[in-house]
Amino acid sequence: MMERAIESAIVRSVFGHSDISRRSFMGLVGGGTAAAALASIFPMDKAKAALLDTLGKPEKTDLNIGFVPITCATPIIMAQPLGFYERYGLNAQVIKTAGWAVARDKSLAGEYDASHMLTPMPLAMTLGAGSVAEPYIMPAVENINGQAIVLSNEHKDKRDPKQWKGFTFGVPFEYSMHNFLLRYYVAEHGLDPDVDIQIRVVPPPEMVANLRAGNLDGYLSPDPFNQRAVWENIGFIHILTKEIWEGHPCCAFAAPLSFATELPNTYGALLKAIIDATQYASNPDNRKEISAAIAPTNYLNQPVEVIEQVLTGTYADGLGEVKQVPDRIDFDPFPWHSMGVWILTQMKRWGYIEGDIDYKAVAEQVYLASDARKIMTDLGYDAPAESYKSHVIMGKTFDPATPEDYVSSFAIKKG
């Protein structure tokens, strides 16, 4: 991304900052030819290397970063009280946001410099699915696992999903792992999620109240609202999403592409802060400290005990047992391109995107694995050498090399 910003600056200087002449030239000869032409008269690679080695202070230090108050946002939230933003020269304010539609709209309007988002959101926003098309980037995942399907206590005798016909479920947003994992789960049990159940979008902080009021039979939600339903004795944990897909991504750190290209130093410093905080959160020894840091009113506004049950993985399930699942939620910043491809297959499967799609190209445009890898390496953390791998979801292997075949393989899908 830094190299892209440098190339952009060089091209603009050649054309005297004239967008019209630059676009006309690029349209006439093509991007590849233009790059080759410039490289023949200007030492592009040497310029990139020199500038990357001498990146200075952030161009902008006062930043607004939106977050929805859930444990998936742990690294973004804790980076403020625990000093990770300050460590990299930033004065970042994290701003509580009611739900994902608000987070998306505030980000598109420029009110947020960067934002906590669901991993499908930057893909959808880039494609113009559900909003105006705007290029977005996702250089880091916030959390893996960390979700659950909760059912109302009145359904303790309906543990088999085949018994859920006519149920109403809540998910936090259409373009969410929650929606796609719930759809996948019920479809594998023979239910059509568009016919046999109702799925409603409910902001996470409103999940528990809707379950109590009987508006929902259950939900697939981020924590701490799964555990809060148990805490308030109105629901029980049917299944953790890690049992559907071990290591699945959920939330992420995302920003408009323009943020990275126009403020490369700021982007680099912010990504360092986020990845450093994510790695800190990945250490189980730090989870109790983090729980106390993110519990206050201006962050999650939840009892510390509820957050600790989620982050430590020692929790009551609402069925009379205390479970020990240390990786109920975990934190890994690497944005696998193969995860992006899987999300796109489910968007295609359920009719959120139509027509032909270059799964690989879109995933690689949005999920900036190379940026994450560089920052992780610079900070002394291990980073995967590859960005694609197969994934196993409910016992079935997903091969990212054949996404269209994967979509076609499902008996239950839109249309």
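Two strands count as paired if DSSP finds at least two bridges between them. Keep that rule at hand for these exercises on a predicted model.

**Exercise 1. How do β7 and β9 run relative to each other, parallel or antiparallel, and how many bridges join them?**

*Step 1.* Find strand β7 at residues 168-171 and strand β9 at residues 218-222.

*Step 2.* Count the bridges: 2 of them join β7 to β9, and the rule asks for at least two.

*Step 3.* Read the direction: β7 and β9 run parallel. For a landmark, look at Phe-169, which stands opposite Gly-218 in β9.

*Step 4.* Now widen the view. The open sheet has 5 strands in the order β8-β7-β9-β6-β10, with mixed pairing. Its edge strands are β8 (198-201) and β10 (235-240), each of which pairs on one side only. Neighbouring strands are turned by 25° against each other on average, direction ignored.

**Exercise 2. Classify two helix pairs by their angles: α13 with α18, and α14 with α15.**

*Step 1.* For α13 (residues 264-281) and α18 (residues 369-378), the axes come within 10 Å and cross at roughly 70°. Angles of 65 to 115 degrees count as roughly perpendicular, which makes α13 roughly perpendicular to α18. The crossing is right-handed.

*Step 2.* Inspect that contact: the α13 residues include Leu-271 and Ile-275, and those of α18 include Ile-375 and Met-376. By class there are 6 nonpolar, 2 polar and 2 charged residues.

*Step 3.* α14 (residues 287-294) and α15 (residues 304-312) pack at about 140°, with axes 9 Å apart. That angle makes α14 oblique to α15. α14 passes α15 in a right-handed crossing.

*Step 4.* Among the contact residues are Ile-290 and Ile-294 of α14 and Ile-307 and Leu-311 of α15. This contact has 6 nonpolar, 2 polar and 3 charged residues.

**Exercise 3. Which residue forms a salt bridge with Lys-60?**

*Step 1.* The partner is Asp-113, with the closest N and O atoms 2.6 Å apart. The cut-off is 4 Å.

*Step 2.* Locate both ends: Lys-60 is in the loop between α4 and β1, and Asp-113 in the loop between α7 and β3, 53 residues apart.

**Exercise 4. What are the backbone features at Pro-224 and Asn-301?**

*Step 1.* Recall that most peptide bonds are trans, and most residues other than glycine have a negative phi.

*Step 2.* A cis peptide bond joins Asp-223 and Pro-224, with omega about 15°. Pro-224 lies in the loop between β9 and α11.

*Step 3.* Asn-301 has a positive phi of about 55°, and lies in the loop between α14 and α15.

Conventions. Residues numbered from 1 in each chain as written. Predicted model: local features only at pLDDT ≥ 70, side-chain atom pairs only at ≥ 80, totals over all residues. Heavy atoms only, no water. Axes fitted to C-alpha atoms, helices over the stretch in contact; angles between N-to-C directions. Helix = DSSP H or I, 4+ residues; strand = E, 2+ residues; numbered from the N terminus. Parallel < 35°, antiparallel > 145°, perpendicular 65-115°, else oblique. Left-handed = near helix turned anticlockwise from the far one by under 90°. Contact = heavy atoms within 4.5 Å. Nonpolar A, V, L, I, M, F, W, Y, C, P; charged D, E, K, R; others polar. Salt bridge = Lys/Arg side-chain N within 4 Å of Asp/Glu carboxyl O.
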